[in-house]
Every structure is written in C-alpha cells, then in structure tokens.
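The following exercises concern a predicted model.

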Amino acid sequence: LELERDLARGLLDGEFYLEYQPIVGVENGEVRSLEALLRWSHPKRGLITPDIFIPLAEKTGIIQAIGKWVVQQACASAVTWPAPTGVSVNVSGDQFKDPNFVTHILDCLAETGLAPERLTIEVTEAVFSVDIDLVCRSLAELRSSGVRIALDDFGTGFSSINNLRLFPLDELKIDRSFASQMLETSQGAKLVDLMHKLSETFQIRTTIEGIETKNQLDFIKLLGIGEAQGFLFAKPFAAGEVMEYLQKRL
Ligand code: G
Ligand code: G
Ligand code: NA
Ligand code: MN
C-alpha cells in the first residue's frame, strides 16, 4: 500500500529511469531497435523492477502518467541515436483506455522530431482482454502514422491465432521461455519454427527474445528468424551507454 502511494511521488521526484536492450538483425548484427525497460530507484527499497510496480501502477491508474513519461523519454533519447536505429516501448493494456493515448504518442513524435517508423509499440497478449475494438482502432491509427506494432511475449498469453488476423501487427516477439527450451528437446525446436512460420503467414517480422548462446543464435539463423534479443548481444544498459554501444558495433 505504501509502495502504491509512492508511485506518484516517485514519478514527480524523478525516481524512474529507462534502461535499453538492443534488438539485433540476426544476419548482419545490425541494431534495429533498443527496447526501453523501465526501472524505479526507490529511496528506501532500492531498485524495483517493473514486474513488481507495473501491476500496482495499473491498479492505481498512475500507469497512464508513467506510460506517458516513458514514451516521451524514449522518443527524446532515440532522436539522438543514428537513424534508422529505433526504439521499442512497452505499453500496458490500460493505457489504451486513455482517450488521448494515440494523440500523446503522435505529439511526442512531433515534438521530438523522431520519425514514426523509428518507434515500435510493444503490447502483450493481455491487451486482448481490454476492449478489442478500442485497441484495434488505436493500433491501426498509430500504424497508419508509421508507428510499428509488436506483439510481445508471444506464446505465453491467452491470444488466439485469430488475434494475429484481427490486429494490425508488424512484429511478433517469441517469448524467451521458448528460446531456453529450443535446443533441449526436438519439440522445443519445432515450436519455435512453428511460431516463426505462423508469423510469416501473416507477413509479420519475427523477433526471438532471450537468446543467450551462440548455438541458439546459429539455430535461429537456420530457421530464418530475422531479429533477436538477449544476453548474448547485451543485457539492458543505461541510456548514457547507448551511443557508445552503437559506435562500437559500427
Ligand atoms: O526488464 P524486466 O525484465 O525487469 O521487465 C519485466 C517486464 O516489465 C517485462 O515484461 C517488460 O515488458 C515490462 N516492462 C518494462 N518496462 C515497461 C514499461 O515501461 N511499461 C510497461 N507497461 N511494461 C514494462
Ligand atoms: O517481457 P519482456 O520481454 O519485455 O521482458 C524483457 C526482460 O527480459 C528484460 O528486462 C530483460 O532483463 C529480460 N531478458 C532480456 N534478455 C534476456 C536473456 O537473454 N535471458 C534472460 N533470462 N532474460 C532476458
Ligand atoms: Na517487452
Ligand atoms: Mn517480452
């Protein structure tokens, strides 16, 4: 309860910050985008991860304000990176309930000057439990402005294949639990191949999360998966380290 009350104060006091984790092209190692991952540096409890505070922020409604801050920060940072390197922002289903959600994102793009094509909005299958029409309309509007849409943690939620048909998507992110199983059993490998083929059927780009080993990378290359993320490439790092990371890879 105390933590819930602290969220609003923490936002005002600048206790939130973003880390970034690269999403890399499997063939050429090029950094396609960096995913913004929210962190809370609590004055008494130290570092708190989003698994803990995002559900609380959703419960209290402060997620709207926090979500706006995240988009604004991410766009402001990304515009300083060399184009076409993009930024990927996680968005909670509740944020769609804000009637100004889309407008705010488009305003952030206009104000920072970031090309819409460089912003990816990541939603999880949990958005399917919000008003489907509302979510569909918002995603379509963003997409028609050039913003890319990714379905995150794919394979772990309640989504049906039909959702892939109904939702305007550009990218499917296979959940990292599948990457860790991939080379353990033949079934694990087939599952990843199947999800990639599913994504190809809908002409969606595939990213796989949680790539930790060279063997895993070699395997997804073989499958033809286009993009990957994981500790093999980099752990999430501070905003101030992004430029150095990008320069080192050129
Ligand atoms: O980075 P970490 O492993 O702690 O992330 C845990 C979860 O929190 C992930 O599922 C991630 O998508 C989510 N998350 C990270 N940053 C944000 C954010 O800014 N907004 C929302 N809604 N979720 C986030
Ligand atoms: O749910 P989402 O995919 O947004 O969660 C992102 C989180 O996953 C990041 O906070 C990061 O810490 C974690 N993560 C990213 N890459 C790896 C990886 O290769 N292995 C493991 N175990 N976790 C990872
Ligand atoms: Na994510
Ligand atoms: Mn994910």
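**Exercise 1.** Determine whether valine 89 is buried or exposed.

*Solution.* Step 1: locate the residue; valine 89 belongs to strand β4, which spans residues 86–90. Step 2: count the C-beta neighbours of valine 89 inside 10 Å, which gives 26. Step 3: apply the cut-off, by which a residue with 20 or more such neighbours is buried. Valine 89 therefore counts as buried.

**Exercise 2.** Identify the residues that valine 89 touches, leaving out those up to four places away in sequence.

*Solution.* Step 1: list the contacts of valine 89, namely Ala36, Val70, Val71, Ala74, Leu119, Ile121 and Glu122. Step 2: examine one of these pairs; valine 89 and glutamate 122 are 33 residues apart in sequence, yet their C-alpha atoms are 5.7 Å apart in space.

**Exercise 3.** Describe how helices α4 and α5 are arranged.

*Solution.* Step 1: two packed helices are described by the angle and the distance between their axes. Step 2: the axes of α4 (residues 101–112) and α5 (residues 132–144) come within 10 Å and cross at roughly 20°. Step 3: angles under 35 degrees count as roughly parallel, and α4 and α5 are therefore roughly parallel to each other. Step 4: the crossing of α4 and α5 is right-handed. Step 5: at the contact, Phe101, Val102 and Ile105 of α4 meet Ser138, Glu141 and Leu142 of α5. By class, this contact has 4 nonpolar, 1 polar and 1 charged residues.

Technical notes
Residues are numbered from 1 along each chain as its sequence is written. Chains are lettered from A and ligands numbered from 1 in the order in which they are written. This is a predicted model: local features need pLDDT of at least 70, side-chain atom pairs count only at pLDDT 80 or more; totals for chains, interfaces and linings use all residues. Axes are lines fitted to C-alpha atoms, for helices over the stretch in contact, and angles run from 0 to 180 degrees between N-to-C directions. Helices (H or I, at least four residues) and strands (E, at least two) are DSSP runs, numbered from the N terminus. Angles under 35 degrees count as roughly parallel, over 145 as roughly antiparallel, 65 to 115 as roughly perpendicular and the rest as oblique. A crossing is left-handed if the near helix is turned anticlockwise from the far one by less than a right angle, and right-handed if clockwise. Two residues are in contact if their C-beta atoms, placed from the backbone, lie within 7 Å. Ala, Val, Leu, Ile, Met, Phe, Trp, Tyr, Cys and Pro count as nonpolar, Asp, Glu, Lys and Arg as charged, and the others, Gly among them, as polar. A residue is buried if 20 or more other C-beta atoms lie within 10 Å of its own, exposed if 12 or fewer, and partly exposed in between; C-beta atoms are placed from the backbone.
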